[in-house]
Amino acid sequence: MRLLIMGPQGVGKGTQAERLCAHYSITHIATGDIFRDNIKNGTALGKKASSYINKGELVPDEVTNSIVEDRLGKDDVKNGWILDGYPRNAGQVKALDEMLKRLGTPLDAVIALEADRSVLLERMAKRAKIEGRSDDNPETIKARLAVYDKETKPLLDTYAQRGLLVRINGVGSIESITNSIIAKLDARTK
Ligand code: AMP
C-alpha cells in the first residue's frame, strides 16, 4: 500500500499515519520529522532547513525532493509507505510523479483529512504545550496555514481528478477516524 496523507496543520496527519502504518505494515515517512531530526542532530541539512521552518515557510523543493527520493529508494519501504507532509506544492507533485515512475511504484490513494480552522487552532495550541515545537507559536502557525491554503490545498483537486482522493472527516475520536480511513481504503481495493 502506497499512500499520501494530506490536510492542514493540526488535523492529525501524524497520528493517523502512525496507526495506518501499524495496520498495513508500511513505513511512515514524514518530511517534517526528518527535518526536525536533522535540526536536533545539528546536521548540515538541519541548519539549512531551520530558518525556513522557524518562519513557517517551505524548505526549498530541491532539498525536500532529494530527501524523499533518497528515502523511497531504501529497502525498508518495499512493503509500502505513507508520505506525510509531502508533497506540499505543485512542483513537489511533479517531482513525486517522476520518482514514482522511475521506481515503478504508483500511488494507491491520497487521504485528505479535513477539519474546521477553529479545531485546528485549538489542537495546535494543545500540541504546543505538550511537544514544545518551535513552529507551534501563533505567528508561525498563521504563516503555515496561509502556505497550506495557497500552495497545498489546490493539490487535493489534482489528486481528485486522478481518482485517488479519499476525503475523511478529521473530527472525532482517533480510533473512529482510523476506522473510517481503513474502511474507505479497503472498499477501493475490493
Ligand atoms: P510538518 O511537521 O509537516 O508541519 O513540517 C514542519 C515544517 O517542515 C514545515 O512548516 C516546513 O517548513 C518544513 N517542511 C515539511 N515538509 C515539507 C515539504 N514537503 N516541503 C517543504 N517544507 C517542508
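**Close-up views of a predicted model**

**View 1. His28 and its surroundings.** We begin with His28, a residue of strand β2, which covers residues 27-30. Keep in mind as you look around that this is a predicted model. Which side chains make polar contacts with the side chain of His28? One is the side chain of Glu18, at 2.9 Å. The side chain of Asp84 is another, at 2.8 Å. Leaving aside residues up to four places away in sequence, His28 touches Gly14, Ala17, Glu18, Cys21, Asp33, Ile82 and Asp84.

View 2. Ser25 belongs to the loop that links helix α1 (13-24) to β2. Here is a detail of the backbone to look for: Ser25 is not a glycine, yet its phi is positive, at about 55°.

View 3. Where does the ligand sit? You will find the ligand in the largest pocket. The shell around the ligand holds 16 residues, and those that come nearest are Thr31, Arg36, Glu57, Gly85 and Gln92. Sorted by class, this shell is made up of 5 nonpolar, 5 polar and 6 charged residues. Helix α2, spanning residues 31-40, gives the most to the shell, with 4 residues.

**View 4. Polar atoms facing the ligand.** Let us now go atom by atom. Arg36 places a polar side-chain atom 2.9 Å from an oxygen atom of the ligand. With Val59, it is a polar backbone atom that lies 3.0 Å from a nitrogen atom of the ligand. How much of the ligand's accessible area does the protein cover? On its own the ligand has 470 Å² of accessible area, and the protein covers 95% of this.

**View 5. A cis peptide bond at Pro87.** Which two residues are joined by a cis peptide bond? They are Tyr86 and Pro87, and omega of this bond is about 0°. To find the spot, follow the chain from β3 (81-84) towards α5 (90-103): Pro87 is in the loop between them.

Technical notes. Residues numbered from 1 in each chain as written. Predicted model: local features only at pLDDT ≥ 70, side-chain atom pairs only at ≥ 80, totals over all residues. Heavy atoms only, no water. Near = heavy atom within 4 Å. Polar contact = N/O pair within 3.5 Å; in protein donor to acceptor, adjacent residues only side chain to side chain. Areas by Shrake-Rupley, 256 points an atom, 1.4 Å probe, with all protein chains shown as cover. 1 Å grid on protein atoms, 1.4 Å probe; cavity = no way out; pocket = protein on both sides within 12 Å on 5 of 7 lines; lining within 4 Å. Sits in = over half its atoms within 2 Å of the grid points. Helix = DSSP H or I, 4+ residues; strand = E, 2+ residues; numbered from the N terminus. Nonpolar A, V, L, I, M, F, W, Y, C, P; charged D, E, K, R; others polar. Contact = heavy atoms within 4.5 Å.
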